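Me: Hi! Could you walk me through the charged pairs in this structure?

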Amino acid sequence: MDELQTILTEAFGDSSNSEGEEEEQFLHVHSAENKVNGKALTGSVFGETHNWERISEIDGLWLCKDFLSPDQQSKLLSSIQQEGWFAESSSNQAMRFGDLPGWAVELSRSIHEVILFGSYAAELENCEKGKEACIFPQDLLWREPLFDQLIANMYQPGEGICPHVDLMRFEDGIAIVSLESSCVMHFSRVGNETCSAQDPPHKTPVLLTPGCLILMWGEARYLWKHEINRKPGFQIWEGQEIDQKKRISVTLRKLGRTD
């Protein structure tokens with residue numbers, strides 16, 4: 001643990017002489033363990049335990065179901081509400097480029113730390129190396145800034161998003177934080193559009209629960225479309241239809257260079 005604390009201190013500075021107790025809580029580490037081979041990597045950051053799950057069917061797709069605690073979710077939702085983006089009933093989306101709100105900068109920093117700890121936890125044991133043990137590539141994790149564009153979406157019951165691959169104007173490495181209602185996000189490989197009605201394209205479902213974080217890079221970012229169909233009959237998980245409520249998502253991306 002001393003070695004881990006040294007690594008985190010080198011990465012983020014000494015919490016004892018930074019910005020007080022609020023800053024210190026983000027560097028409070030207790031324990032770590034891991035299970036690779038497409039299973040969970042478990043680490044403790046912010047004094048809480050975080051479990052990483054690799055979606056084995058898709059390279060570069062990782063899920064952290066317990067990224068935000070209920071209290072952290074409430075604070076994040078309050079920060080989003082204070083922006084006034086969804087004050088009008090006709091407003092359901094907001095985008096920011098460049099200088100992000102303070103809460104979004106802190107959210108990005110929290111994502112960085114949870115990835116860093118999870119990646120380090122993968123190396124604490126004699127685990128399998130390569131893509132399967134890589135939550136987020138190092139060249140993406142240490143870029144500055146990690147993210148400089150956000151999009152916040154509010155979905156009412158029944159509203160979702162069509163299959164798509166994010167625009168190429170954004171770099172590799174995308175993070176999505178899901179809030180309020182649970183939903184199933186489906187992934188389908190690019191190029192499956194020619195499948196007939198008798199042979200529908202294969203879709204990989206991923207359950208997004210409130211407070212979870214999903215990362216897409218490499219193949220998951222470029223070679224797989226993702227969608228959320230919240231119409232009746234499509235939101236099924238383990239044989240049960242999910243009760244549709246309002247859902248808010250925050251997507252963080254990095255703008256590509258234009259020169």
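Reply: Happy to! Glu106 forms a salt bridge with Arg109, with the closest N and O atoms 3.9 Å apart. A salt bridge here is a side-chain nitrogen of Lys or Arg within 4 Å of a carboxyl oxygen of Asp or Glu. This is a predicted model, where local features need pLDDT of at least 70, side-chain atom pairs count only at pLDDT 80 or more, and totals for chains, interfaces and linings use all residues. Residues are numbered from 1 along each chain as its sequence is written, and side-chain values use heavy atoms, leaving out hydrogens and water.

Me: How far apart in helix H4 are Glu106 and Arg109?

Reply: They are 3 residues apart in helix H4 (residues 102–124), so about one helical turn separates them. Helices (H or I, at least four residues) and strands (E, at least two) are DSSP runs, numbered from the N terminus.

Me: Is Arg109 buried or exposed?

Reply: Arg109 is buried, at 19% relative accessible area, while Glu106 is partly exposed at 27%. Buried means under 20%, exposed over 50%, and partly exposed in between (1.4 Å probe, protein chains only).

Me: What about Asp148 and Lys254?

Reply: Their side chains meet in a salt bridge, 3.7 Å from N to O. Asp148 lies in the loop between helix H5 (138–141) and strand E6 (149–155) and Lys254 in the segment after strand E15 (247–253), so the pair ties together parts 106 residues apart in sequence. Both residues are buried.

Me: And how many salt bridges does the structure hold?

Reply: The structure holds 12.
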